[in-house]
Amino acid sequence: MKAVRVSSPGGLDALQFVDLPDPKPAAGELTLEVKAASVNHLDLWVRKGLPVAKYPIILGADAAGVVLETGRRALLSPTLSCGTCEFCSSGEKPLCVKYTILGEHRDGSQAARICVPAENLIPIPDTLSFEEAAAAPLVYLTAWRMLITRGRLAPSEDILVWSAGAGVGVACLHLAKLSGARVIATASSDEKCARLRDLGADFVLNHAREDVVKRIRELTSKRGVDVVVDYIGKDTWARSVQCVRRGGRIVTCGATSGYDPTEDLRQIFFRQIEIIGCTMGNNKELQDALRPIFEGRIHPVIDQVLPLKDVAEAHKRLEQRLAFGKIILKP
Ligand SMILES: [Zn+2]
């Protein structure tokens, strides 16, 4: 089968489009014939080198397709855990020390086939395309846990989402609107800003030319927003701290611009700000996040659909922050 593999970390040339033997399901596993797989920032980190990643590895956490053994349409739940530790026992799978993400700790979805435990295959309605289904799991799962579970977002609240045109950003915008909150979204170009407005953002700021801190103060009568979603890191962190209200929450699930921002701790303790770390989510959160998509209340936004062999083009678009929504690869 054809697959996107990284044997040793590096630049775009580390991406190999290879022919591999078809995988065989282990006991309790089923085979997904992949019709669409999506690209996440995680793939870029794995390609560049992560200490926890096992090389060589097939990239990709997300996919949708047809289960070979049953003929059912399904999407891939992107994570596995031990199932028995104290965290798994309390339903907190993402805290499991043996937590596994497809395409990071074991072979992923950017291939013609993938074998996974049967519980990792979630049936999808016939009304949902494979492309939309493949765009959903990782980013909506992440967004749900960030906003709803960990961020405790309430309908009366204001939320700031930096770079909301990214895959996870669009998911945050969708779920924040669904929860009834007022959403302030930022993007780096007027074109992306217009698209965010079309998706329902209440206010949109072009962070390339607007003073976001000043604008947030104006929009919230100097109060600041209740919740900030920041997965940009170094470039935005200090401003996130300035944008959040006293006692507000900053939720982080990534650091695409760098993971070591400067931090003025006085701002954190005097203004009693909560910094909330978050990654992926548990099975219940995935079900909750997918339901509005299965019901057609939310449509994942697809930036481009590319053949699997053009994976380098997808990485380039994500790296240059050109993508709006998710890039889909077709085997
Ligand atoms: Zn566990």
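A residue counts as buried when its relative accessible area is under 20%, as exposed when that area is over 50%, and as partly exposed in between (1.4 Å probe, protein chains only). By this scale Lys234 is partly exposed, with a relative accessible area of 42%.

This is a predicted model, in which local features need pLDDT of at least 70 and side-chain atom pairs count only at pLDDT 80 or more, while totals for chains, interfaces and linings use all residues. Residues are numbered from 1 along each chain as its sequence is written, and side-chain values use heavy atoms, with hydrogens and water left out.

**The chain as a whole**

The protein chain has eleven helices and 18 strands. Helices (H or I, at least four residues) and strands (E, at least two) are DSSP runs, numbered from the N terminus. For 331 residues, a compact globule would have a radius of gyration near 20 Å, and the 19 Å of the protein chain agrees with this. That radius is taken over C-alpha atoms, and the globule rule is 2.2 Å times the number of residues to the power 0.38. Along the principal axes, the C-alpha atoms fill a box of roughly 60 × 40 × 40 Å.

Of the 331 residues, 54% count as buried. A contact means heavy atoms within 4.5 Å. Among contacts in the protein chain with a separation of 6 or more, 69% come from residues 24 or more positions apart.

**Cores and helix α4**

A nonpolar core is a set of buried Ala, Val, Leu, Ile, Met, Phe, Trp, Tyr and Cys residues joined through side-chain atoms within 4.5 Å. The largest such core has 97 residues, and those with the most contacts inside it are Tyr140, Leu147, Ile159 and Leu196. Helix α4 (residues 137–150) gives the most to this core, with eight residues. A second, separate core has twelve residues, including Val34, Ala63, Leu76 and Leu80.

Eleven of the 14 residues of α4 are buried, so this helix is largely enclosed by the rest of the structure. Among the buried ones are Tyr140, Trp144, Arg145 and Leu147. Just after α4, Arg152 takes a positive phi of about 50 degrees.

Helix α1 (residues 41–48) has Leu42, Asp43, Leu44, Val46 and Arg47 as its buried residues. Just after α1, Gly49 takes a positive phi of about 120 degrees.

| Residue | Relative accessible area | State |
|---|---|---|
| Thr79 | 2% | buried |
| Thr220 | 6% | buried |
| Lys234 | 42% | partly exposed |

The contacts below leave aside neighbours within four places in sequence.

Thr79 is found in strand β7 (residues 79–80). Its contacts are Lys93, Tyr99, Thr100, Ile101, Asn120, Met280 and Gly281.

Thr220 lies in the loop between α7 (212–219) and β14. Thr220 is in contact with Asp158, Ile184 and Val225. Thr220 and Asp158 are 62 residues apart in sequence, and their C-alpha atoms are 8.2 Å apart.

Lys234 lies in the loop between β14 (225–229) and α8 (237–243). Its contacts are Ser257, Gly258, Asp260 and Pro261. Gly151 is 83 residues from Lys234 along the chain, and the C-alpha atoms of the two are separated by 21 Å.
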